[in-house]
Amino acid sequence: MSAMDGVGGGTGRSETAVDVAVVGYGPVGMATAALLGRAGHRVVVLERYDGLYNLPRAAIFDDETMRTLARLGIAEGLLPKLRVQRNYEWRNGHGDLLIEQAFAEVGRSGWAEWFMMYQPDLEEALDGVCRSTPGVEVRHSSPVVAVEQTGDHVVLTVDGPGGRQSVTARYVVACDGGNSFVRSALGVTQQDYGFSEPWMVCDFRFRRPVDLPAALQFGDPNGPTSIISIGPDHHRFSFMLDSPEDFETERAPERVWKRVAAYLTPEDAELIRVATYTFRSLVADDWRRGRIVLAGDAAHQMPPFLGQGMCSGIRDAQNLAFKLDLILRGAAGDGLLDTYQTEREPHVRAVTEKGIELGTMQTIRDPERAAERDRVLLARRAASQKPETLRFPGLGEGLLARASGPGRGELSVQGAVDDGTRSGRLDQVVGDGFHVLVDPALLAGADDLSGVLHDLAETGVRVVAPGGRADDHPWAAVVRDVDGTYRRWFAELGVSLVAVRPDFYVFGTADGPDAAAVLAADLLGAVTVTTGAAAYRPTA
């Protein structure tokens, strides 16, 4: 029987066996399924709703997320439906600019640092990837109602359209949101940072062009407000409520229109949604239980003030996808999954805590405290005379080089390259997976290094030598560093070799042939299939 076949069990149940079951079909579940399916694994997605959610929730994503979307082949098609945003303003109730955050036109990942989106457009594109990827099956109207785990698989009980079903998977990735059934079934507790606020979110679709603030937070003690673009054709106004009970009164269309009257009229736009959300700050204590891992909102929830909620879930998907690929192919034992939380949790907590800091400042309701906040922030802005920039932390300890130069665990840089037949961003020119960037000058006479790089290339790792000569090292991809991105990055780090993981994070760096050979050998151990044991022992 094919692992994707359903068979009658004679008891009103049907059974399916797959490599990975993904629970939840939001952007994080979609990305997880697509990445694993494209790696050649058999995936079933179980979604409780009968179709795509088709309503805007997340509104923002960053260049790192866009790099993932480019890997899945949908970035260019999405661009006309996105709005690139270059700044984010935080003002007080009088309109004084307290904080301005700036975003680069081209970030570390080779794309604009901030995109505003209408989430149904993104979900439609991701859904298309999943449904066109061999080995990925999407099942709607299929809520998971029970979870049973054994030593070598997980059995999910599903109430599907045809009755009770069983799905047996080697691994399960639970992307089923903040109210995750899987997390609850596992008994996983959460740490609550205590930041919990009720907000009313009002989404509009334009009838005609309107000039509105594209990314603005109002810290007005009389009523904190957020105004953001959600793509070229939509806009969102969010209002902090005094209590959740206020929503039933405030949601009335006439009251919403009164709130936005200074910016919009019914002739300008259509009110398409009014919803209430309680902004929360929660992190699960355990992101892995045996063969089940939590991702996205099932693992962590953060306030929206940095626009990093969905981005954090997509990072989870990338981290898990390449590790599960190594495990399923036999290149590592499943102990590798223990590195998922150790790597990702410090990043999630840092972003959550920064979001709470900004949200707390914006939502001060006491006028005297708000005035003191204004004095402090206005003085700080006057002293700096320039916008702030955000740089998120790298990975915690995990699947990283034992010995490394600067940059280990940081997000890698992506630049434009040209291989003589194609010009574009590195990922699209040289392909997915692990890759090693090496200064061609390092290879001259470095036989030990050349040997291990050749062995890496034989395993499928892409060795890239910007500016090298193909006849010297035929196993290396020779590319031109179009804008000098890699030359500057190497100089900044003071290194001559950088090893990068499939999730875009730096495995390790080295300078000089001896250190580079050691690093390359370390990477070879991480990706080489072994018999009976993990190929790589992660750092402590």
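Me: How many bridges join β4 to strand β8?
Reply: In this predicted model, three bridges join β4 to β8 (residues 114-116), and the two strands run antiparallel. Strands here are DSSP runs (E, at least two residues), numbered from the N terminus, and two strands pair if DSSP finds at least two bridges between them.

Me: Which residue stands opposite Met116 of β8?
Reply: Ile60 stands opposite Met116.

Me: In what order do the strands of that open sheet come?
Reply: The order is β4-β8-β5, three strands with antiparallel pairing. The edge strands are β4 and β5 (83-84), as each pairs on one side only.

Me: What holds paired strands together in general?
Reply: Strands of a sheet pair through backbone hydrogen bonds, either parallel or antiparallel.

Me: Changing topic, where is Tyr53?
Reply: Tyr53 is in the loop between β3 (43-46) and β4 (60-62).

Me: Why does Tyr53 count as partly exposed?
Reply: Tyr53 counts as partly exposed because its relative accessibility is 32%; buried means under 20% relative accessible area, exposed over 50%, and partly exposed in between, with a 1.4 Å probe and protein chains only.

Me: And how do β11 and β12 pair?
Reply: Strand β11 (residues 154-160) and strand β12 (residues 163-174) are antiparallel over seven bridges, and a hairpin of two residues joins them. Val154 has Ala169 in β12 as its bridge partner.

Me: Which strand does β12 run parallel to?
Reply: That is β21 (residues 292-294), joined to β12 by three bridges; Val172 stands opposite Ile292 there.

Me: What should I know about the numbering and the model?
Reply: Residues are numbered from 1 along each chain as its sequence is written. Local features need pLDDT of at least 70, side-chain atom pairs count only at pLDDT 80 or more, totals for chains, interfaces and linings use all residues, and side-chain values use heavy atoms, leaving out hydrogens and water.

Note on methods: Helices (H or I, at least four residues) and strands (E, at least two) are DSSP runs, numbered from the N terminus.
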